[in-house]
Amino acid sequence: MKRINLVRTISLVLLLSTLFLGCATPIDQQAVPPVPAAPVEVEQQSEAVAVEEPKLAMASIELPPRFIKYPPVVRYGEIMGLVNETGYSIKSFDLFNDRMYLASMQVTNLLPDSLGDGERMVIDLTKFPLLSEEIQKRDGSIFTFNASDWDDDLYWGEWDPSEDSWNLVLTSDSLLPTSMDIDVESFGPSIVIANRSGYPFERLYIERKSPNEMDGSETNLLGEQLLSSGQLARIQVADLAYLQEFLTFDAYATLTITAFDTDGDRYTLLWHPTTDAWFIELTLAELQWPEGDQFYLTVQNQTGQTLWYLYAVPDSYFLEGDYGSDLLDWDLIYDSDELTVDLAQLDYLDEALQGDNDEVIHLIAKDADEVLYHKEYYPNRDIAYVVFEAEAVLEEAESLSLYNDTPADLWFLYLATDEMVHEKNFGNDLLRDGIWEMKEDFTFKVSPALVEDNQVLHLYAYDYLDNEYHKEWKVSDGWTLTFNADDLSTQ
């Protein structure tokens, strides 16, 4: 009892102490006024604020699609793809196996149109039932393809339908290094002519005549047919009755093969049956200019020597000893052989070849020993056929050397006969595009015809002010001559 009373007494004392302390205020503690808040700026807003509605997207975002270079082709389906990566346009494509080759050697072109470089074409195999049947046999056959471009280059390769892609890719690796070689027997039953020009032929001739002698009586070996580029024309020898005597081994004849394409362009080739192959290709190398722009002349060599050079010049050039440009280029005319040349390629013959004038053209040939042969040819009255014989040797022209001791450079120089002076025609300028400078020599050749009988010749020289210097000269005066101030004409 005493212990309980003691606990109660202590609890009461503690309660009273707490109440007393909570009501007491310290003497030195003062109240602190609160810190005023920072002023707040109020942003002015318009009376009405427009709120945009979100726009609906018109496009959907996708990842990049898968890429494949050539659309896939189902193996052993009804189509196959052909891709051209040769660098050239392909005009024909043939695909075959051994059985198809043994059944027919004729080309089947699977292309309806030309296939340009970088292009792909789908070939419908149902249009070629024999090929489709052979492929569908699935017997392990390997197929061969032949393709040709517009230059008639041949592409060759193999295709395995069970292993290779059905997008057959044609590349330059398939190009054959040479054109197709056909084995045709010389002096056999036929002659084969291949069109490798790139253009269709509508006329084809084999004649003994030169091209310029053709008068319309010739036989067109094609008849009404067209010989397309890449095709072959086989001519039976038995049908060439008019050429029988020239198609024997010991004839050593020269025949002219001429073709005209559908544009009227002419292709000409000289063919020697005894020594040349009987498989003959006509290419762009045999292309001549369109009819009317040429003047063909056939030259036969009976000199006993090989002719290395051939020149054709008008009379004015010949008298000056100027033979112009070589017509043979890289060709040679062997003894008893002949060659057809085009005189129209020489600009300085234009006047002689045109019109009704009777101007002569001098033909000069030269052999390996520098021996010259000379023939005169009148294009408006002679046939276009000239024969050089051993007797036609031309005396070599001798050189006349001139020295300029005048007080000026000379721009023009002429050599003329009395007749030319009378007609006021001095011929051609011997200096051409050059200038004969002071204290320099100028040498040129004088035709032997001009110095015959020691006739007097006239030399006229002009400076840039057209001052005329004139000298008379004949062969007995020697082959050196000097122009000086004393030769200045007073008229």
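Which residues of E16 are buried on one side, and which on the other? In the predicted model examined here, both faces of strand E16 are covered, with Ile-361, Leu-363, Ala-365 and Asp-367 buried on one side and His-362, Ile-364 and Lys-366 buried on the other. The strand, which spans residues 361-367, is accordingly described as mostly covered, seven of its seven residues being buried.

The protein chain as a whole has six helices and 25 strands, and buried residues make up 40% of its 491 residues. Among the contacts in the protein chain that join residues at least 6 apart in sequence, 63% are between residues at least 24 apart.

The pairing of E16 involves strands E14 and E17. Strand E14, which comprises residues 307-314, pairs with E16 in the antiparallel sense over seven bridges, and within this pairing Tyr-309 has Lys-366 of E16 as its bridge partner. Strand E17, residues 372-377, likewise runs antiparallel to E16 and is joined to it by six bridges; here the bridge partner of Leu-363 is Lys-375 in E17. E16 and E17 form a hairpin with four residues between them, and in the turn Glu-370 has a positive phi of about 70 degrees.

An open sheet of three strands is formed in the order E15-E13-E18, with mixed pairing. Strand E15, residues 338-342, and strand E18 stand at the edges of this sheet, and because each has a single partner strand, one side of each is left without a neighbour in the sheet. Neighbouring strands of the sheet are turned against each other by 25 degrees on average, direction ignored. Strand E13, which covers residues 296-302, pairs with E15 in the antiparallel sense over five bridges, and Gln-300 stands opposite Glu-338 in E15. Strand E18 itself consists of residues 385-389 and contains Phe-388, a residue that counts as buried because its relative accessibility is 0%, buried being defined as under 20%. Phe-388 and Gly-304 are 84 residues apart in sequence, while their C-alpha atoms are 9.7 Å apart in space.

Another open sheet of three strands, again with mixed pairing, has the order E22-E20-E25. Its edge strands are E22, residues 441-446, and E25, residues 480-484, each of which pairs on one side only. Strand E20, residues 398-405, runs antiparallel to E22 and is joined to it by six bridges, with Ser-399 standing opposite Lys-445 in E22.

Rolling a probe the size of a water molecule over the atoms shows where empty space is left. By the rule applied, the count comes to one cavity of 30 Å³ or more, and about 50 Å³ of space lies in the largest cavity. The lining of the largest cavity is made up of Ser-316, Leu-319, Glu-320, Leu-415, Ala-416, Thr-417, Met-420, Phe-426, Gly-427, Asn-428 and Leu-450. At least two residues of this lining are supplied by each of helix H4, residues 315-319, and strand E21, residues 410-416. By residue class, the lining divides into six nonpolar, four polar and one charged.

Key: Residues numbered from 1 in each chain as written. Predicted model: local features only at pLDDT ≥ 70, side-chain atom pairs only at ≥ 80, totals over all residues. Heavy atoms only, no water. Pairing = 2+ DSSP bridges. 1 Å grid on protein atoms, 1.4 Å probe; cavity = no way out; pocket = protein on both sides within 12 Å on 5 of 7 lines; lining within 4 Å. Points joined across faces, edges and corners; volume = space filled by probe spheres on them. Nonpolar A, V, L, I, M, F, W, Y, C, P; charged D, E, K, R; others polar. Buried < 20%, exposed > 50% of the residue type's maximum accessible area, 1.4 Å probe, protein only. Contact = heavy atoms within 4.5 Å. Axes fitted to C-alpha atoms, helices over the stretch in contact; angles between N-to-C directions.
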